[in-house]
Amino acid sequence: MKRFNVLFLLDDPMAAKWILASFCFLSLFIPYSTLAQETKTGNSKSEIKNPLTELQELFGGGTQKDDETSESKPVKSESDGNKSKPKSAPSPIVNLGTLPPVITRAEAFAGRPYGIGKISFRLRPGDEMIDRSGAEMLTDKGGRVRYPVSSKPAVAKFFQNLSGSGGSSPSSVHTVWFLFAGDEPLDLTIQGSLSTSQTIPVEFVKAGKFNRIVNQWWKEYSRTADEQTAAGDYPPLFETYLTYMLPNRLNLPKPKRRIVARTKKKDPLAETLAKVFDVESQRNLAIETALMGLADVGVANLPLPPEPQWVPTDFKGFDGSDIELEPIATCVPEECFYLRFGTWQNQLWTKRLLSEYGGNLGQMISLRGWEPKIESKFLDQLAIESTDFDEMFGGNLISDVAVIGNDMYMQDGASVGVVLQARNTEALKNRLAPRRVAFAKAHQQDGAEIDVFEIDGTAVQFLKTPDNRYRSFYVIAGNSHFITSSLTLATRFLEAAKGIGSMANSPGFRYARREMPLTRDDTIFVYLPTQFFQNLLGPEYQIELRRRNRSVADMQLIELAYLTARSEGLQVDDPATLIANRFLPAGFGKRADGSQLAREGEFWIDSIRGRRGFFTPITDLEITKVTAAEIADFEVQRQFYAEKLPGIDPMFFALKRFKRDDNVERVVFDGRVAPFGKQKYSWLMSMIGPPLEQQVVPSSADIMRFSASVKGGIFSDGNKAHQVFGALQDPVNPSVDLKPASLFSMLRLVKSAPWFVGAIPPAGFLDFLPRLGGQPDDGGYTFSSLLGIWRLQSNLFTAISMNRERLEELKNNFRIADLERPAHARLEVGDLAKSNLKNWANVQLYERSWQTSLANTQLLNMLVQQFKLSPAAARETAESLLDVDLVCTLGGEYQLLETPSGRLIWQSTSWPFFGDPVIPDDYLAPVFKWFRGLELEIVNGDSQFAVHGFLDIKRDKAGASLPSFNLFKGFGSVLPGRKPKEGSSKSKSGLRKKPENQ
């Protein structure tokens, strides 16, 4: 069976945010972009199959094959520009010692309800992996040990970090603090690769000493949990639960760090971004709120709060009736997001690009230790599957495809659907409808069934299961076929097809198509209407999001409470007992909407929303009454909208492919907010200076450079405008040692970094740096011995760097030249894979990937210790509760390894030898495999805000049929602004060359 994989761009939150959030919100709110947290969610461990062959062939083009439709070849790795054959997963390197740990001290003190103890030991040479992965373990014969935490003395850690020896040797002293039940002597075992046992007598001490020891254990426990949270790449569910549950049960102080973070005043814009795009941060907030006993338990007896008073978009008399539109847009509701591919080859190109480099856009951009389950959930809920079809017949059935929806909350159940424009409606219907019936019969054991009903006289085929895993409406309007998870969206689809609220009739969409006409033949086109954002930020969506986050958080917390109770030997079968024993806070489980949670087999069900991960779409839930707390929470955001964000203009984004050379494609991107109502964003406009007509002539050493026009704030006094510029230069060849860096080596690394930042005219904002505002010497230089930073002042500019010679070179070669096109900000990045920065960056990325991979095993080892799970059960539990698949970011596989003492521990097949770690010769960070250059411009025009440029991508096989990219002709078709004079060129840096005919 093969699946229809059309949601590749939204297959994880990282991808969705890159395409939508980074342009939509971050292009508007540049100064605040760093405030938005990165979403953390997860992907299915079940096999995700290729696009269903039926729809691929139906949408294709008869028997003609695009150059991208052939079978993908194995991905070739690249190192220093040389190609090599792909390698299979390496055999695991055994990092195990042959000597048992040495116990240096052990003591235990009786107490109620638990005693407290600590045991100090040293691991032996050869156990470096045990040390780094947190696999050392404390066990006892009677199962009396509770909540152990391993730590190293603070003084030792300080000097290790200072010298760079920390973590490179396991022989430093480890201390395990732990609680225990009873007063009898403890038979303890410390396990490394081998094990050492010792019987510890239990002492009775005065209450004061006992309390001091308990406080020390708790200090180490909460600090270690915070460190694990910071090191990990996964949602911190387990650490959060334990550090709130234990104080509640044992009357310990709440973790101050978490309380400060939670009560710290939030930036309203960051909160808005989180509410729209970052479901995971809202889920974490719901968990902490519940554990602190602060969850809303009020009565929902108040009406919904009013909608924000949005300022409408002004189209200034724009008519657009003569604009050419694609037929598929006539049946799309005007309030939906719209992602159109135009041809099957466009969809296939993106899917294969992503599969070449990690499977999704998030893996191309960042190195994550987990995979999301979003794509499989989308495909499951829509029940899109098929078998092979004849290519010749199928190629004549579908002419266009688009993904539309009211939201992108794929993790829990989104209101989304796929629109197919048929060349032959009856033939397509006769293929899809019977196969959906066959699908339901094949899944009868899951309760799948087909229900047929009508919406205003139009037949709707509804494939469903009681738990919502399959929730798929199939409806036809003319030549448009629609498969969706939402009944409301199906209804709106039929209304739009009749011209009621159709996207094709909306002035915003017609305006977008005037700016980006069909004749451009874009590879991907995305349109985000004003109504889409207004609905997401409205009271119904925001209050229901709050409720479903609470529901999922409660499901996770109940599971954790059961695990904890069982680890303590308690047989608990209902939440009331968990609350009574303070594994859950008082009042837990009371929800304003009256929903109830129940466990059915392996899954949790919400009585109102359905199965976790497959909730009923928000658009299909009716909210009539709310609580006072829900109103108060929404009013904070509504007030922010009124003051800072009174309206949101339509946004649209497009990609178009060109051929640069044999194995490199140039992807031109063009994003607009238009028509742009500047009065709505006055607070942002006050920070942007006039467009840059000139810039500093770049040096041939620049590998990355930027310039921006700014005014106000720390950049200058009053509203005086400045051009801020800077560069990261080549060559550089820092140390590539994989051993833990010392404080001194890190400082040397920063000092040796080849960068400078400057401003034109000389700006006073650099004076805030210590001692940089003093009197310069005869050459115009000042120096901060505290920071090791040089500053250069001249009549034309001022600049800072860690290296005086770099500033001298800038001073001697400083020139200003006209820009090809006016812009408010520019960023240019060369081919990093061919720079001297490559080796340095490759090592930094390898270290980060290694740490992320280690953090996953540290999590699994923590679950084994804290919840007394088997290693295999620990992974299953972690992936189930976090709703992710844990993956090794070095490209290896996690495997269970048996130690000489007979226990199983987790390791990756791609870890280096821990005793003397060396980066593999063939390792190449993901970004170096595909990234070959970037240019980006931001333009704040009279009627639009634009982000445009190009990205060069190395492919295993570039499309031979693609048009060649002539720089100025290529940009001229999509980018506003004047063209340069004939024969103009960029500097010798190679970032941009004189165009050539290809």
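Is Phe-178 buried or exposed in this structure? Phe-178 has 0% relative accessibility and therefore counts as buried, where buried means under 20% relative accessible area and exposed over 50%, with partly exposed in between (1.4 Å probe, protein chains only). The model is predicted, so local features need pLDDT of at least 70 and side-chain atom pairs count only at pLDDT 80 or more, while totals for chains, interfaces and linings use all residues. Residues are numbered from 1 along each chain as its sequence is written, and side-chain values use heavy atoms, with hydrogens and water left out.

**Aromatic pairs**

- Rings of Phe, Tyr and Trp (its six-membered ring) pair if their centres lie within 6.5 Å, and planes under 30 degrees apart count as stacked, over 60 as edge-to-face and the rest as tilted; by this rule there are 30 aromatic pairs.
- One of them joins Phe-178 and Phe-180 in a tilted arrangement, with 6.2 Å from centre to centre and 50 degrees between the planes, and Phe-180 is also buried, at a relative accessible area of 0%.
- Tyr-846 and Tyr-923 make an edge-to-face pair, 4.7 Å centre to centre with 80 degrees between the planes, and both of these residues are buried.
- Ring pairs also link Tyr-338, Phe-509, Phe-525 and Tyr-527 into a cluster.

**Charges over rings**

- A charge sits over a ring if NZ of Lys or CZ of Arg is within 6 Å of the ring centre and within 35 degrees of the ring normal, and in this way the charged end of Arg-249 sits over the ring of Phe-583, 4.1 Å from its centre.
- Arg-513 lies over the face of Phe-525, at 3.9 Å from the ring centre, and Phe-525 belongs to the cluster of linked rings.
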